[in-house]
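The exercises below go through one protein chain, from its overall layout to single residues. Work each task on the structure before reading its solution.

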Amino acid sequence: RLISVGHAAAPPECVLTRRNYEFLLVEYVISGKGFIEVGGEYHICSPDTLYILPPGKDHVYGSFADDPWEKIFFICEGELIDILLKTYHLESIYILNECSELFHYFREFEVLQREPGAHLKAALLVHRLFQDIFVKHFKLQKTHTLSSRVTNLKSELDKNTENKISMDM
């Protein structure tokens, strides 16, 4: 169920604290800087950052005084949220940087909130967004975890698919 969709400019030093928040809150930082603290983790959020505040977790988030943020967000609830978070391994992924390619989802939510049948369409849109977050997160994780030796080895193997390569080589 889609609860709310919005576009807001946060006042400087605006900090919100929620205990056991019952809804899913997903926000995209358009400009400015701020922070989130959830699941015992503290993260700085800058433009093109998307963050997920899952239901049932305490969280604190706010805008920095010297560069207050402008954000677009949606809030929803329902049994599907927990299922999708688990399915896409996003239960403890709270922040994703450099995700301008996901911004369009928030614009789609803005349009969607005015339509009849918004709840069913919102469920499908959340599913697609989580799928794209999953792909982006694990793709980024994969590129960051390969050492230069492994990357060089893979490159050499790719160049020599027709040749025999020994361990010594």
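**Exercise 1. Overall layout**

Along the sequence, the elements of this chain come in the order β-β-β-β-β-β-β-β-α-β-α-α-α.

Task: State how many helices and strands the chain has, and what share of its residues is buried.

Solution. 
1. The model is a predicted one.
2. The chain holds 4 helices and 9 strands.
3. Of the 169 residues in the chain, 37% are buried.
4. The accessible surface of the chain is about 10100 Å², and carbon and sulfur atoms account for 54% of it.
5. Taking contacts between residues at least 6 apart in sequence, 76% join residues at least 24 apart.

**Exercise 2. The surroundings of His59**

Task: Decide whether His59 is buried or exposed, and list what His59 touches.

Solution. 
1. His59 belongs to strand β7, which spans residues 59-63.
2. The relative accessibility of His59 is 2%; buried means under 20%, so His59 counts as buried.
3. The side chain of His59 reaches the backbone oxygen of Lys57 at 3.5 Å.
4. Not counting residues up to four places away in sequence, His59 touches Leu16, Thr17, Arg18, Tyr21, Glu37, Val38 and Leu53.
5. Two residues from that list, Arg18 and Tyr21, also interact with each other: the charged end of Arg18 sits over the ring of Tyr21, 4.4 Å from the ring centre.

**Exercise 3. Aromatic pairs**

Task: Find how many aromatic pairs the whole structure has, then classify the pair of Tyr21 and Phe23 and the pair of Tyr88 and Phe134.

Solution. 
1. The search of the whole structure gives 10 aromatic pairs.
2. Tyr21 and Phe23 are 5.6 Å apart centre to centre, with 80 degrees between the planes, and this pair is edge-to-face.
3. Both Tyr21 and Phe23 are buried.
4. For Tyr88 and Phe134, the ring centres are 5.8 Å apart and the planes are at 55 degrees, so this pair is tilted.
5. Tyr88 lies in the loop between α1 (79-87) and β9 (95-96), while Phe134 lies in helix α3 (residues 118-145), so the pair ties together parts 46 residues apart in sequence.
6. Tyr88 is buried because its relative accessible area is 12%, whereas Phe134, at 27%, is partly exposed.
7. One aromatic cluster is formed by Tyr28, Phe74, Phe103, Phe106 and Phe109.

**Exercise 4. The two sides of α1**

Task: Which residues of α1 are buried, and which are exposed on the other side?

Solution. 
1. Ile81, Leu84 and Leu85 are buried in α1.
2. These residues cover an arc of only 100 degrees around the axis, which means that they lie on the same side of α1.
3. Glu79 and Lys86 are exposed on the other side of α1.
4. After α1 comes His89, which has a positive phi, near 55 degrees.

Terms used
Residues numbered from 1 in each chain as written. Predicted model: local features only at pLDDT ≥ 70, side-chain atom pairs only at ≥ 80, totals over all residues. Heavy atoms only, no water. Buried < 20%, exposed > 50% of the residue type's maximum accessible area, 1.4 Å probe, protein only. Polar contact = N/O pair within 3.5 Å; in protein donor to acceptor, adjacent residues only side chain to side chain. Contact = heavy atoms within 4.5 Å. Phe/Tyr/Trp six-rings, centres within 6.5 Å; stacked < 30°, edge-to-face > 60°. Lys NZ or Arg CZ within 6 Å of the ring centre and 35° of its normal. Areas by Shrake-Rupley, 256 points an atom, 1.4 Å probe, with all protein chains shown as cover. Arc of directions from axis to C-beta.
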